[in-house]
Amino acid sequence: MASLFFLFLLLLPFAILLLVLAAIVRPRQVRIPLKGRHVLVTGGSSGIGLALALRAAAEGARVTILARDPSRLQDARDAIRLATGVDVTIVAADVRDPEAVSRALEAADPVDVLVCNHGVFLPQELERQSLEEVRFMVEVNLMGTFHLIKASLPTMKQRAKQSGLPASIAIVSSQAGQVGIYGYTAYSASKFGLRGLAEALQHEVIADNIHITLVFPPDTDTPGLAEEHKRRPEITKVIAGSQGGMKADDVAKKALNGIKSGQFVVACNFEGYLLHVATVGLSPQRSYFMAFVEILGVGFMRFVALCYQWSWFTSIEKWHAKMKSG
Ligand SMILES: NC(=O)C1=CN([C@@H]2O[C@H](COP(=O)(O)OP(=O)(O)OC[C@H]3O[C@@H](n4cnc5c(N)ncnc54)[C@H](OP(=O)(O)O)[C@@H]3O)[C@@H](O)[C@H]2O)C=CC1
Ligand SMILES: CCCCCCCCCCCCCCCC(=O)[C@@H](N)CO
């Protein structure tokens, strides 16, 4: 009897914390339906974007994919038709060109779910990397996302108002948008930038029933990653490659589930959840249970993060020593 009472006393603070969190977490939970709605996926001709477009089409959404190369877009449309029997619309545009993006969105149907997935990654030590490449990554990954959002917001807002249904803007960042890693100065900067954009934008569009989702994939087997492997610095492989790549379709599944449940942050694998708790900061959280896990996990994850940094700096040090002697 007495021990039961002590157990009760021990658990009481946790129960109270859960109750408080259930009352205060914002924004509130939301379900975002996909069936019959217009989903636009940028970078939808390859890798994660193609897998996302295919899944959305299979779930009954009307899908548009946008990328630069028209022939890759056509191949993607054929692949999606073959797999699902559904025809997607293709749009060729460079997200770096704001006019081209505006024209593309004006010509398209109003968007219910905008997935900014396009991205380029050219890892190299900053000292060796040209400013052209730095600018290229920032312009595609960060500015391209601004162009898309600016061009879609007015009609998205209208559409959400008319239909009474919640809309979504999803942004594909990267685990390199949560932690800076050797070889990724420009890429990480472009991806960290997306988080600031997403957090601030959620404040601005919540009243319009628009919900932001930020996806943080780990290394994922895509044509883009195959290209990246050809030039990745050795030590970047040691740090980033230590977890093995995810399948594009598994990342797409996580991302789409996150979009449908209005999750602000989508982690994709176990390390991703650790990274999320370690870098949670002031990001919004709709789930009181996840908020609870974050509160209990934050201090310990700081310790885990320092262990990772210890191992990374040790690898870098050893690598330098090897370079000197060899
Ligand atoms: N693969 C990975 O390991 C990881 C990827 N990510 C992120 O996921 C996203 C998708 O990556 P992944 O599938 O690997 O990439 P891929 O290189 O396989 O595909 C990139 C897509 O983006 C399009 N794209 C690139 N530049 C532009 C542009 N300027 N304008 C319009 N479209 C463009 C490409 O088409 P086209 O070239 O014809 O324009 C293509 O459809 C990226 O944002 C990436 O940073 C995050 C973590 C890990
Ligand atoms: C506190 C807990 C820490 C948990 C583990 C952290 C592991 C971090 C690994 C980061 C790897 C980044 C890969 C980026 C992939 C990407 O975006 C590219 N393929 C494109 O360049």
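Predicted model: local features only at pLDDT ≥ 70, side-chain atom pairs only at ≥ 80, totals over all residues.
Is leucine 82 buried or exposed? Leucine 82 counts as exposed, because it has 9 C-beta neighbours inside 10 Å. Residues are numbered from 1 along each chain as its sequence is written, while chains are lettered from A and ligands numbered from 1 in the order in which they are written.

**Ligand 1**

- The shell around ligand 1 holds 30 residues, and Gly43, Gly47, Arg68, Gly119 and Gly224 come nearest. A residue is near a molecule if its C-beta atom, placed from the backbone, lies within 6 Å of it.
- Helix H2 (47-58), helix H5 (131-163) and helix H7 (223-229) each give at least two residues to this shell. Helices (H or I, at least four residues) and strands (E, at least two) are DSSP runs, numbered from the N terminus.
- The shell around ligand 1 has ten nonpolar, 14 polar and six charged residues. Here Ala, Val, Leu, Ile, Met, Phe, Trp, Tyr, Cys and Pro count as nonpolar, Asp, Glu, Lys and Arg as charged, and the others, Gly among them, as polar.

**Ligand 2**

- Ligand 2 has 21 residues around it, with Phe121, Ser174, Leu274, Ala278 and Ala305 nearest.
- H7, helix H10 (270-278) and helix H11 (288-325) each supply at least two residues of the ligand 2 shell.
- That shell splits into 16 nonpolar, two polar and three charged residues.
- In H10, the buried residues are Gly272, Leu275, His276, Val277 and Ala278. They pack against E6, strand E9 (265-267) and H11.

**Strands and crossovers**

- E1 is largely enclosed by the rest of the structure, because five of its five residues are buried. His38, Leu40 and Thr42 cover one side, and Val39 and Val41 the other.
- E1 and E2 run parallel and are joined by five bridges. Two strands pair if DSSP finds at least two bridges between them. Leucine 40 has threonine 64 in E2 as its bridge partner.
- The chain passes from E1 through H2 to E2 in a right-handed β-α-β crossover. A crossover is right-handed if, with the strands pointing away from the viewer, the path from the first strand over the helix to the second runs clockwise.
- E1 also runs parallel to strand E4 (residues 113-116), with three bridges between them. Valine 39 stands opposite valine 113 in E4.
- Strand E2 (residues 62-67) pairs with strand E3 (residues 89-92) in the parallel sense over four bridges. Leucine 66 stands opposite valine 91 in E3.
- The path from E2 to E3 goes through helix H3 (residues 70-84), and this β-α-β crossover is right-handed.

**Core and contacts**

- The largest nonpolar core has 73 residues, of which Leu52, Ala53 and Ile65 touch the most other members. A nonpolar core is a set of buried Ala, Val, Leu, Ile, Met, Phe, Trp, Tyr and Cys residues joined through C-beta atoms within 7 Å.
- In soluble globular proteins, nonpolar side chains tend to be buried together.
- Beyond four places in sequence, leucine 52 touches Val41, Gly44, Val115, Asn117, Ala252, Ala255 and Leu256. Two residues are in contact if their C-beta atoms, placed from the backbone, lie within 7 Å.
- Glycine 177 lies in the loop between strand E5 (167-172) and H6. Glycine 177 counts as buried because it has 26 C-beta neighbours inside 10 Å.
- The C-alpha atoms of glycine 177 and phenylalanine 192 are 4.4 Å apart, although 15 residues separate them along the chain.

**Exposed leucines**

- Leucine 82 sits in helix H3. Its C-alpha atom is 46 Å from that of glutamine 309, 227 residues away along the chain.
- Leucine 9 belongs to helix H1. Leucine 9 is exposed, with 9 other C-beta atoms within 10 Å.

**Backbone exceptions**

- Most residues other than glycine have a negative phi, and most peptide bonds are trans.
- Arginine 26 and proline 27 are joined by a cis peptide bond, with omega about -5 degrees. Proline 27 is in the loop between helix H1 (2-24) and strand E1 (38-42).
- Asparagine 209 has a positive phi, near 65 degrees. Asparagine 209 lies in the loop between helix H6 (185-205) and strand E6 (210-216).

How values were computed
Buried ≥ 20, exposed ≤ 12 C-beta atoms within 10 Å, placed from the backbone.
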